[in-house]
Amino acid sequence: MKRLLSAVAAAGFLLAAAPVASAAPNDGGRVPVKPAPATQVWSTRVQSQQSETWVRLDVEQLSPRVVTAAGPDSVTVSGKVVNVSDRKVFDIELRLERGQPLDSEDAVRKALREPTDAEVVQPEFTSIAKELQPNETKQFSLTVPLKGDAPTSLDITKPGVYPILANINGQPDFGGRARLAALSTLLPVVAVPGGESVGVPAAPAKVTLIWPLADRPRLISESPAVLSDDELAGSLSLGGRLYTLLKAYESALDSPLAAGVCLAVDPDLIRTVDAMSKGYQVAGHEGRGRSEAKLWLDQLRLRTGGRCVIALPDADADLVALSRAKLGGLTGLALEGADVIREVLQVQPLANATWPEDGLVDQQTLADLSTRGVTSLVVDQSTVAGTPGTAPVRLGDQGGGDAGTPTTAVRVDGMVSDALRDTPVARPVAGLATAQQSQPVSVQNALAALTYRAGFQSTGQNVVIAPPRRWNAPAGEIVTFLDTAKFLVGGGYATATGLESLFAAAVPDQAATISYPADGGSREIPSTITGQVADSFHQLEQMAGAMSQQDAASAQPADLVDPLRLDLLRVVSGAWRGDESGAVSALALGTSQIDGLQSQVTVNEPNSPILLGSGDSPIPVTIKNRLDVRVTVRIVVEDTPGILAKQLPDQVLPARGDRLVTVPVEVLRSGRFSVHMRLTTPSGVELGDRARLEVSSSAYGTITLVITCLAGATLVLLSARRIYRRVRASRAVRAQVPNDASGVTPEKSSAS
């Protein structure tokens, strides 16, 4: 299958119209079909709102992409036309039309957003197919002269940036002749072959190219290395996305453009590839990209030596979302990623500099970054909207940062860089590993914008070009873009200006006010996600506070906690912007890792009941620590009827050790009890699972003993009282017998 080059600048959705019976014979009825706004997808697409769609036009090649004096004096466009209807289409014809050259920056920007008039010159149509059956495809190639009197000529006689329209006409079965599809693009003409050319400007544009190497988070564990999937192996191998970007970067270094190129690297990508190069696992199986990772990393290390490198926030974290969530600890961690680049690539990144996601910061984020020593930022033009010009500006004069250390902000050229952005797809480009072929991304609009900046403005302005973070354009388009930039620099239309020189210059005189765009908040990581990250991070920090090193040769708490901090940082990666499900999955992974750490410290649950011999007998329990550090814990006995627990002092558990602890309790009654115990840190973070202990006691508690004694004493007193009364009554009877009763003869019974 032929690789689609997305040729005619960013042009493209399917535009089809219902048949028009009375259409003019020379152009099948220009109305109601209009060309789509300039876009990056070079394939027309069926739009569901249209009741009748006839053909799809795919443009696969456009040559030349920029017209120069040394190039051909013709334009060739090739591709295919597909009948997507259920009817035959007859007499399919194609022609290229053009409009007037764009004479201002506003006109170029408008043409990038929406189709402009490209019907000033309308040559004759050329037949490309007599008939197309339903679902039939026909390849075509059309070459037209740039100038001259030929009937198909574009009649271009002077340099400029020209709107170009590819217009397909035909006649559907049971319908009239109509325009069936149209694609618009911009064609930059630096020189007309054999004719007029643009002179070298007295003040060439200052071109800076920030070349991004970033991916979405994939690392689950660094030691041993475990990845969530193996897509990165394909991206690093021949033809993959990251492989292509690295090779393109290498080609830029071997040209006059080299001085203006700065590599923007995500430290987490470098960390991940470094782990892959040493062997890794994916879903329990050996990963397939070990050799590719090592080769890619070696080539990157070789090429970055002595070159400009800027560190992205670690894991490409969303700094604004972190600032809103008051996660200063994670913001600081994101800025420490430069250490990874320094260690693995053996190159010194630009000091105290970073490039936030989308180039956006708000006032609070700027203050947070300034507090942590950041003095240089790459920002989008919308961040300093209302500030004229393209030169670096000074931030921090409005209370956003430390008034003594203003921040230098280098502005990205929105007109060129925005033209490189991908169109939205169902799955974010962050999750793609190889150059996308089903929806190839053209750089033609960016070529036109860059050529206009360098060849037709001549104001010596800064042109900082920043492709998307996870750029996914086809290899051919990337090469085409770089070749054009090299041509403009080599021809004297532009000069290569290093990003480091823009940062290193004196503090800019021009001050700017932060202007966070209205739609910026909708693109941030949602607060529902960052709120849960904040809860987990605070819990992790409290657990870290309960840890201490066993001895000088043992592990440090940071060895256990730092990887989990990185897990939480990956949850707020800018790669998840627009992909909340990805952030949710990353959050689930991070919290499960923290839960796993906490589960290593627990109360041992005995297999048999514990027998207490007295009312104040303590309950013996064994607490275990399977971590490589000391942990200070607190034993918490939950309320149990019949047992009164006493609070123990905090216990220090040795690394990978057990400890038998006797918990003092007071038994209030005899019987069998279920006692629940748990461990927490001194700050209250729960550790491990709760343990259920079965306790039996035949002893009397203090209250029971007192009651028993009182009852016994009462019984004795009552018995004594009864005996006393009996004795007293007996004495009273004896006292009533007469003294002379001894002379009385007693009666005999009847039986005697």
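1. R726 sits in helix α18, residues 702–735 (helices are DSSP runs of H or I with at least four residues, strands are runs of E with at least two, and both are numbered from the N terminus).

2. A word on the source: this is a predicted model, where local features need pLDDT of at least 70, side-chain atom pairs count only at pLDDT 80 or more, and totals for chains, interfaces and linings use all residues. Residues are numbered from 1 along each chain as its sequence is written, and side-chain values use heavy atoms, with hydrogens and water left out.

3. Now for a loop residue. S153 is found in the loop between β5 (137–145) and β6 (160–172). Setting aside residues up to four places away in sequence, S153 touches V121, P123, P145, L146, K147 and G148 (contact means heavy atoms within 4.5 Å). There is also E124, 29 residues away along the chain, with 8.5 Å between its C-alpha atom and that of S153.

4. Last, have a look at T272, which belongs to helix α4, residues 267–276. T272 counts as buried because its relative accessibility is 3%. Apart from neighbours within four places in sequence, T272 has contacts with L219, L227 and L232.

Note on methods
Buried means under 20% relative accessible area, exposed over 50%, partly exposed in between (1.4 Å probe, protein chains only).
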